[in-house]
Amino acid sequence: MALTSRQLNRATLARQLLLERRPAGVVEGVRQVVALQAQEPASPYIALWNSLAGFDSAHLDEAFVERTIVKATLMRITLHAVAADEYPHFHAAMVRVLRASRLSDRRYTSTGLTVEDADAALQRVVRYTSQPRSKDEILGMLSDGSPVEPRLWWALRTYAPLIHVPTGGPWSFGPSQAFATAPTTPARPGEQAALQHLIWRYLEGFGPATPQDFGQFALQRQAEVGPALEAMADRLTILEGPDGEPLFDVPGGLIPSADAPAPARLLGMWDSILLAYRDRSRIIPDDYRAHVIRRNGDVLPTVLVDGYFSGVWRPTDSGIEVQAFHALSDSDWRDLAQEAGPLRKLVASRDPQTYRRYAGWWDNLPQAERRTIGQSATA
């Protein structure tokens with residue numbers, strides 16, 4: 001029997017801890033959802049607040065400082081927060097893509113720099129960042145008294161095994177940046193073993209899914225994904241999707257019933273559930289995609305009602321402002337208000353201006369109704 005679209009929706013929500021908040025620590029929470037988008041510093045905090053019962057944002061601060069959770073460029077050539085012991089596997093799976101994204105880019109090749117230039121500088125950077133270093137310190141080290149072509153660091157910071165080091169600010173990472181050599185334990189696997197590990201972890205957190213879905217999640221070519229899946233064939237389960245397409249999954253992967261209740265959620269910018277699939281209708285209707293996933297790469301803070309995208313939100317001085325793209329019931333608004341109160345408290349305790357620089361989006365978005373909710377948070 002083919003899985004329905006709604007079952008796939010519920011599977012994603014369950015595995016991403018969005019059907020019910022789990023009482024777990026921050027490292028376990030990050031491991032469960034595989035990786036957290038961290039392009040905007042607030043987003044990992046908001047993601048874990050949505051997923052973990054009793055989430056204490058100070059614990060994520062501590063995890064970044066202690067490097068049990070690390071922030072680095074990984075999937076989709078974007079910043080992610082991941083469990084430190086998973087970083088060597090994820091980076092080994094992604095480094096070919098990360099490296100090619102810069103060293104084959106005209107913005108790099110047109111400078112006259114070569115692949116050999118980058119590789120020679122890479123070893124120096126890795127040695128130099130055995131302790132945290134700022135961008136200016138790294139550029140100074142590379143310069144040897146001469147100006148450094150900016151695209152050299154632009155390339156290296158993308159594919160080198162580096163993590164971002166907390167520099168302060170309300171969400172651990174402020175405007176200034178510092179970098180350090182990434183974790184080297186456990187032992188770094190070979191590329192093929194690493195790719196299979198990343199596929200397995202993707203399916204644990206986002207399955208069932210197609211090879212093309214994984215390709216979207218990690219920007220991996222099907223020429224590499226196909227052989228990796230073949231090598232894993234005896235360990236994976238194959239299910240049938242709504243249109244008859246084969247879906248890969250880990251054995252025993254959680255698939256709740258289609259009528260499992262899905263509570264309202266207010267997700268941060270670039271939340272992975274909007275980006276982890278080629279077919280994003282699992283969460284967001286196609287008619288809304290262009291409004292929410294912007295051409296410049298921004299992905300707006302998202303409102304989920306009954307498990308599906310229903311609008312966007314932003315913090316204001318008086319509460320959480322929600323712009324619904326279609327009509328919501330009074331019950332839906334009450335559920336959102338229950339979420340908005342604690343979210344407002346989290347944001348206000350850190351940075352009331354969170355996401356404010358993106359306010360220009362709101363002028364041209366679909367609007368069925370706009371309300372400010374969560375004004376009297378007590379939790």
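A residue is classed as buried when its relative accessible area is under 20%. In this predicted model, Tyr277 has a relative accessible area of 1% and is therefore buried. Phe206, at 0% relative accessibility, is also counted as buried.

The structure holds 17 aromatic pairs. In one of them, the ring centres of Phe206 and Tyr277 are 6.2 Å apart and the planes lie at 75°, so this pair is edge-to-face. The two residues are 71 residues apart and link distant parts of the chain: Phe206 belongs to helix α10 (residues 191-206), whereas Tyr277 is in the loop between β9 (265-267) and α13 (286-292). Phe206 and Tyr277 are also members of a cluster, joined through ring pairs, that includes Tyr202, Phe214 and Phe217.

An edge-to-face arrangement is also found for Tyr288 and Phe325, because their planes are at 90°, with ring centres 5.2 Å apart. Tyr288 is part of helix α13 and Phe325 part of the loop between β12 (319-324) and α14 (330-350), so the pair ties together parts that are 37 residues apart in sequence. Tyr288 and Phe325 are both buried.

Charged side chains are also placed over aromatic rings. Lys71 lies over the face of Phe173, at 4.2 Å from the ring centre. Arg99 lies over the face of Tyr159, where the distance to the ring centre is 5.9 Å.

Glu40 is located in the loop between β1 (36-37) and α3 (43-51). Its relative accessibility is 11%, so Glu40 counts as buried. Leaving aside residues up to four places away in sequence, Glu40 touches Met269, Trp270, Tyr355, Arg357 and Tyr358.

Definitions and conventions:
Residues numbered from 1 in each chain as written. Predicted model: local features only at pLDDT ≥ 70, side-chain atom pairs only at ≥ 80, totals over all residues. Heavy atoms only, no water. Helix = DSSP H or I, 4+ residues; strand = E, 2+ residues; numbered from the N terminus. Buried < 20%, exposed > 50% of the residue type's maximum accessible area, 1.4 Å probe, protein only. Contact = heavy atoms within 4.5 Å. Phe/Tyr/Trp six-rings, centres within 6.5 Å; stacked < 30°, edge-to-face > 60°. Lys NZ or Arg CZ within 6 Å of the ring centre and 35° of its normal.
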